[in-house]
Amino acid sequence: MVNRLFMAVVLAVSLMVAPGAANAQQGGSLSDTYSSDEILNAGHQFFGSVAQGLASLIERSFAEYGQPNGYILGQEGSGALFAGARFGEGVLHTRNAGSHNVFWQGPSLGLNFGGDGSRVMMLVYNLPSVDTLYDRYPGVDGSIYAVGGLGMTALRRNDIYIVPISSGVGIRAGVSVGYLKFTQEPTWNPF
């Protein structure tokens with residue numbers, strides 16, 4: 001009963017964050033997109049044996065947002081006791097603009113507690129240029145797991161969508177709002 005209620009709240013909030021996502025454009029200026037098979041293969045290589053539910057999350061992302069024109073592979077750590085912070089680093093992969101190191105950090109606030117470390121694959125939609133990635137992307141996060149889990153959220157700024165798929169280890173529960181700020185250099189300032 002609690003799991004169903006939690007999932008209903010997370011679903012309702014995620015629908016409010018990304019209205020019209022099904023109508024997202026197929027690309028942007030970085031027009032070369034990735035197929036679901038390419039993303040699934042990259043995810044399986046990246047996540048390894050933990051990626052049992054990866055295919056269904058990727059299918060859901062493709063159904064809602066189309067084909068991404070970039071993806072990020074990286075890792076992050078986060079912790080929260082109502083207010084929290086998240087820090088991560090990875091590599092943005094695009095077909096026609098190459099690979100670029102990227103860092104992210106951001107605060108969160110909500111009914112959220114615990115800590116985790118995660119491997120993260122972020123699917124990037126409608127990215128017109130690499131430079132437009134470096135900004136703040138608001139979103140809602142809902143997670144509940146002990147020891148390990150696989151989850152998906154969505155972040156949006158203008159027409160750019162970022163869909164993080166993470167496989168985490170730790171103890172984490174709750175729902176929170178916040179943003180991720182993507183930068184070219186690492187920083188300890190989550191704001």
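Colleague: Leaving aside its neighbours within four places in sequence, which residues is Ile-160 in contact with?

Modeller: In this predicted model, Ile-160 has its place in strand S6, residues 160-183. The C-alpha atom of Ile-160 is separated by 7.4 Å from that of Val-124, which is 36 residues apart from it along the chain. With neighbours within four places in sequence left aside, the residues in contact with Ile-160 are Tyr-125, Asn-126, Leu-127, Pro-128, Thr-132, Tyr-137 and Leu-155.

Colleague: Is Ile-160 buried or exposed?

Modeller: A residue is called buried when its relative accessible area is under 20%. Because the relative accessible area of Ile-160 is 6%, this residue counts as buried.

Colleague: On which side of helix H3 are Glu-59 and Ala-63, and are they buried or exposed?

Modeller: Helix H3, residues 54-65, has twelve residues and reaches 16 Å from its first C-alpha to its last, close to the 16 Å expected. In H3 the buried residues are Leu-54, Leu-57, Ile-58, Ser-61, Phe-62 and Tyr-65. They cover an arc of only 135° around the axis, and therefore lie on the same side of H3. Glu-59 and Ala-63 are on the other side of H3, and they are exposed.

Colleague: Which residues make the nonpolar surface patch of about 490 Å²?

Modeller: Strand S1 (70-93) and strand S2 (99-125) are the elements that give two or more residues to the nonpolar patch. Leu-81, whose place is in strand S1, counts as exposed because its relative accessibility is 62%. The patch, about 490 Å² of nonpolar surface, is made by Leu-81, Phe-82, Leu-111 and Phe-113.

Notes
Residues are numbered from 1 along each chain as its sequence is written. This is a predicted model: local features need pLDDT of at least 70, side-chain atom pairs count only at pLDDT 80 or more; totals for chains, interfaces and linings use all residues. Side-chain values use heavy atoms; hydrogens and water are left out. Patches are made of residues with over 30% relative accessible area and no salt bridge: like charges are joined within 9 Å, nonpolar side chains (Val, Leu, Ile, Met, Phe, Trp, Tyr) within 5 Å. Accessible areas come from the Shrake-Rupley method with a 1.4 Å probe; for residues, only the protein chains shown count as cover. A salt bridge is a side-chain nitrogen of Lys or Arg within 4 Å of a carboxyl oxygen of Asp or Glu. Helices (H or I, at least four residues) and strands (E, at least two) are DSSP runs, numbered from the N terminus. Buried means under 20% relative accessible area, exposed over 50%, partly exposed in between (1.4 Å probe, protein chains only). The expected span of a helix is 1.5 Å times one less than its number of residues. The arc is that of the directions from the helix axis to the C-beta atoms. Contact means heavy atoms within 4.5 Å.
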